[in-house]
2 protein chains.
Amino acid sequence: MAFNKRVKIKELLENDYIDRDVVIMGWVRTKRSNKNVSFIALNDGSSIKNYQIVADPNILSEEILKKTTTGACLKVFGKIVPSQGAGQQNELVAAKIDILGEADPEKYPLQPKKHSLEFLREIAHLRVRTNTFGAVFRVRHALAFAVHKYFNDKGFFYIHTPIITASDAEGAGETFKVTTLDLKNPPISEDGKIDFKSDFFEKETNLTVSGQLEGELAAMGLGDIYTFGPTFRAENSNTARHLAEFWMIEPEMAFYDAEDNQDLAEDFLKYVISYALENCKDDIAFLDNRAAEEDSTKKADQRSEMGLLERLQFVVENKFQRLTYTEAIDVLKNSNYNKKQKFQYLIEDWGVDLQSEHERYLVEKHFKKPVILTDYPKEIKAFYMRQNDDGKTVAAMDILFPGIGEIVGGSQREERLDLLSKRMEEMNIPTEEMWWYLDTRRFGSTPHAGFGLGFERLVLFVTGMGNIRDVIAFPRTPGHAEF
Amino acid sequence: MAFNKRVKIKELLENDYIDRDVVIMGWVRTKRSNKNVSFIALNDGSSIKNYQIVADPNILSEEILKKTTTGACLKVFGKIVPSQGAGQQNELVAAKIDILGEADPEKYPLQPKKHSLEFLREIAHLRVRTNTFGAVFRVRHALAFAVHKYFNDKGFFYIHTPIITASDAEGAGETFKVTTLDLKNPPISEDGKIDFKSDFFEKETNLTVSGQLEGELAAMGLGDIYTFGPTFRAENSNTARHLAEFWMIEPEMAFYDAEDNQDLAEDFLKYVISYALENCKDDIAFLDNRAAEEDSTKKADQRSEMGLLERLQFVVENKFQRLTYTEAIDVLKNSNYNKKQKFQYLIEDWGVDLQSEHERYLVEKHFKKPVILTDYPKEIKAFYMRQNDDGKTVAAMDILFPGIGEIVGGSQREERLDLLSKRMEEMNIPTEEMWWYLDTRRFGSTPHAGFGLGFERLVLFVTGMGNIRDVIAFPRTPGHAEF
């Protein structure tokens with residue numbers, strides 16, 4: 001007795017069902033009634049669009065219509081007919097309605113009115129039933145699928161790098177400890193330290209900050225690989241841009257140099273954004289409106305120069321501006337912002353790390369397009385980046401997007417054993433512990449490169465949402481691990 | 001100066017490149033030489049097949065050929081010509097070879113001979129360069145992509161459920177603790193317990209054992225969703241079937257009942273296996289041979305009745321046998337295995353949990369096809385499974401595969417608030433803490449269902465490998481968190 005004989009609303013909207021009897025199921029968004037008829041807007045999550053149900057109180061019982069309140073779940077039997085009202089082409093004339101689940105209007109928190117994003121975060125288990133979050137999660141899905149499709153079509157292999165790891169060699173940030181020890185009575189060894197021999201993995205372990213190093217190992221046998229998995233930072237950052245748990249995409253490619261890496265990253269970003277534009281038209285149109293409304297409440301000088309849709313098309317259609325860090329420093333030094341002291345941190349010397357304000361100036365004010373910054377000073381970058389011949393810079397790249405700042409960070413990797421070992425020693429990275437990483441340079445080394453994309457930053461950019469907590473289903477931030 | 005102008009070996013093998021000049025790059029598998037010519041087998045990870053390079057010592061320097069040893073990485077320039085030898089259609093006549101990275105034959109551990117899987121596990125950073133592991137990881141990739149493609153094509157949305165969680169309500173097993181507290185000096189509150197208010201999330205947290213409950217929340221707004229993420233068990237199980245960190249796929253569907261759920265799971269499994277059969281022909285042919293060789297070393301009564309390829313085709317082509325737990329108990333009770341005491345655990349009474357030997361008897365001896373067992377006693381299943389009208393059983397399903405045993409576990413979920421709350425109380429599951437889960441039954445509840453598939457079990461089945469540590473890149477098991 002299969003229950004699921006429904007037609008999805010997306011399917012109804014995109015195909016000709018006129019005069020056919022169908023069953024649809026979903027949640028009531030609104031009901032408008034007069035004494036002759038009720039109009040019920042039903043949503044089943046397949047589309048941002050509701051489907052209109054026409055309910056005649058002479059056919060349907062009073063009790064059923066009474067229980068048809070916002071949030072209730074219905075199974076509706078009826079015929080599809082051309083709509084006489086404005087707002088939709090077709091509608092369903094209900095012959096029968098089953099109430100699958102009621103939603104007491106006194107208690108159900110999602111009544112049809114405007115709710116703040118902060119309030120919705122507190123009921124993250126229900127917010128997926130709103131227009132905004134339905135759209136965000138459908139776009140998020142499309143972007144995730146586009147990532148897999150892009151790499152699969154190009155012959156890359158998806159590698160699941162470990163989540164629990166004993167190495168924090170990258171030094172990318174504070175880590176979460178993973179343990180099965182009794183926290184109250186941890187075993188102490190003779191030297192007075194925690195005896196991790198008794199822990200599950202018989203050593204100290206933490207949650208990964210990046211799958212890159214393991215990704216490199218796989219690339220040095222399979223050629224082109226990518227990861228797409230969760231990564232973690234135990235940093236006490238309560239900002240609209242940081243999560244303690246987020247998803248990263250990290251391709252690593254044997255036989256790629258810095259330029260190959262830049263070409264791939266640009267092509268990849270354009271592909272996944274184009275994919276969302278093509279496959280999420282209704283959702284992005286809704287989010288475009290939403291962003292415009294939100295923008296209109298801001299002061300004139302804080303409004304975006306472009307709307308969401310415009311911004312996405314702009315990224316897809318324009319070649320990213322590529323320049324070196326050294327060139328960028330010149331641009332910034334000679335900028336009016338620097339001269340008139342509009343930057344909080346003035347640019348004086350080569351070698352300083354760029355702040356978000358500098359990145360946004362380059363992207364939003366100077367070049368007015370996405371920027372790929374390359375060849376950073378080695379002092380401000382990680383040990384594994386390939387050293388350039390100048391002895392001062394490494395073959396790094398950061399990709400900067402309007403409104404977001406850094407969306408991608410990557411580099412050609414140092415493939416020369418002697419230079420890599422020397423740099424690790426300079427930076428106090430234990431070469432013995434990392435024997436396996438160095439082995440790839442000992443045996444059959446080759447030029448290779450890769451980059452990392454924070455997936456939520458991408459979703460933030462494509463949905464135009466303002467806070468990263470609103471683009472992942474159940475965000476983890478300091479003090480927050482609900483649901 | 002882009003470096004990556006190579007043609008992948010897979011591309012060379014599948015297309016006509018005769019008389020064209022190409023560049024290929026990859027790692028040397030073997031070299032055979034006589035005084036007139038060297039034959040180099042090169043592999044770049046794109047295919048299980050090597051490409052043959054013909055190197056004339058009159059054209060190439062002695063030093064280059066000397067460095068062309070197993071494991072070395074080469075960039076080879078030359079022309080594709082029809083091969084005169086057996087074993088391949090075409091080959092590359094080298095005009096020039098660059099050594100990208102040497103591999104000292106005295107030190108490189110992967111010399112061309114048979115290595116044990118145990119030894120290769122110790123050098124998991126290099127094992128991806130072997131035939132067996134190259135094949136396993138390409139098949140693993142194809143299966144992962146097939147999972148995403150299947151659900152995307154059916155209108156499901158991919159949801160990233162949280163990895164760090166404060167709820168262990170499912171009680172699915174021992175968990176890993178996640179903390180930033182100082183393990184040596186944890187803060188103690190007045191009542192003598194650990195003061196988790198000082199921890200990162202201000203409460204006790206652990207690594208997820210399942211994304212199901214959060215998946216249900218999303219399904220109750222988006223309709224059809226799936227998860228594909230890492231899950232964890234801190235169980236001290238040193239078996240060939242258990243990992244501490246593994247990947248799970250968990251679809252959850254609003255408006256599905258138990259039968260819809262069974263139909264979907266069967267269709268899904270057949271799809272992903274068919275996808276691998278179509279897209280990994282060479283790899284599966286290799287693994288089929290490998291499994292046959294391994295089988296031939298076993299005693300006659302321990303050999304598989306079917307070869308790997310045969311087994312995969314068998315699953316794809318046959319309708320799974322569906323029967324209830326109660327019917328299965330009858331089959332087992334009346335079996336010769338029970339009567340002749342061949343089972344370690346004899347089946348006497350209704351209500352006992354089935355052991356692996358019983359599951360395998362049903363699949364491999366009795367029905368000789370995959371089995372979907374349904375409607376288990378409620379006492380041996382989780383709280384969220386829908387209670388059947390008999391008051392004794394729940395709408396659970398387990399899918400059993402030959403050689404593997406349980407590959408899928410799922411159920412229709414209990415959508416009735418009163419029955420669910422009562423069952424949670426009976427099983428001591430805190431209903432207050434789980435207010436958000438119960439909210440989905442309070443507001444717009446509906447019949448819904450879902451299942452979980454352990455991804456590594458699927459990869460194990462499709463690759464014919466014997467140990468689950470050999471189908472994930474860097475396995476985590478008790479005492480092991482290397483790389």
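Asp282(A) and Lys49(A) join their side chains in a salt bridge, with 3.7 Å from N to O. The model is predicted, and every distance here is computed from it. Across the interface of domain 1 of chain A and domain 2 of chain A, 1 salt bridge is found.

Now place the two domains. In the domain assignment of chain A, domain 1 covers 9–109, and domain 2 covers 129–174 + 209–470. Their contact draws 9 residues from domain 1 of chain A and 8 residues from domain 2 of chain A. The C-alpha centres of these two domains are 44 Å apart.

How much area do domain 1 of chain A and domain 2 of chain A bury between them? The value is about 710 Å², with 41% of it on carbon and sulfur atoms. On the side of domain 1 of chain A, the most area is lost by Arg29(A), Ile48(A) and Tyr108(A). Together these three account for 65% of what that side buries.

Polar links also cross between the domains. Domain 1 of chain A and domain 2 of chain A share 3 residue pairs in polar contact, with both residues at pLDDT 80 or more. The domain 1 side of this contact in chain A is made up of 3 nonpolar, 4 polar and 2 charged residues.

Is Asp44(A) buried or exposed? Asp44(A) counts as buried because its relative accessibility is 1%, under the 20% cut-off. Its side chain makes a polar contact with the side chain of Ser46(A) at 2.6 Å. A polar atom of the Asp44(A) side chain also lies 2.8 Å from the backbone nitrogen of Ile9(A). Residues of both chains touch Asp44(A), among them Arg6(A), Trp27(A), Gly221(B) and Leu222(B). Arg29(A) is 15 residues from Asp44(A) along the chain, and their C-alpha atoms are separated by 9.9 Å.

Finish in chain B, at Asn261(B). Helix α6 (residues 258–279) of chain B holds this residue. Asn261(B) has a relative accessible area of 1%, so it is buried.

Conventions
Residues numbered from 1 in each chain as written. Chains lettered and ligands numbered in written order. Predicted model: local features only at pLDDT ≥ 70, side-chain atom pairs only at ≥ 80, totals over all residues. Heavy atoms only, no water. Domains from an automatic or database assignment. Contact = heavy atoms within 4.5 Å. Buried area = accessible area lost by both parts, 1.4 Å probe. Salt bridge = Lys/Arg side-chain N within 4 Å of Asp/Glu carboxyl O. Polar contact = N/O pair within 3.5 Å; in protein donor to acceptor, adjacent residues only side chain to side chain. Nonpolar A, V, L, I, M, F, W, Y, C, P; charged D, E, K, R; others polar. Helix = DSSP H or I, 4+ residues; strand = E, 2+ residues; numbered from the N terminus. Buried < 20%, exposed > 50% of the residue type's maximum accessible area, 1.4 Å probe, protein only. Lists of a residue's contacts leave out its neighbours within four places in sequence.
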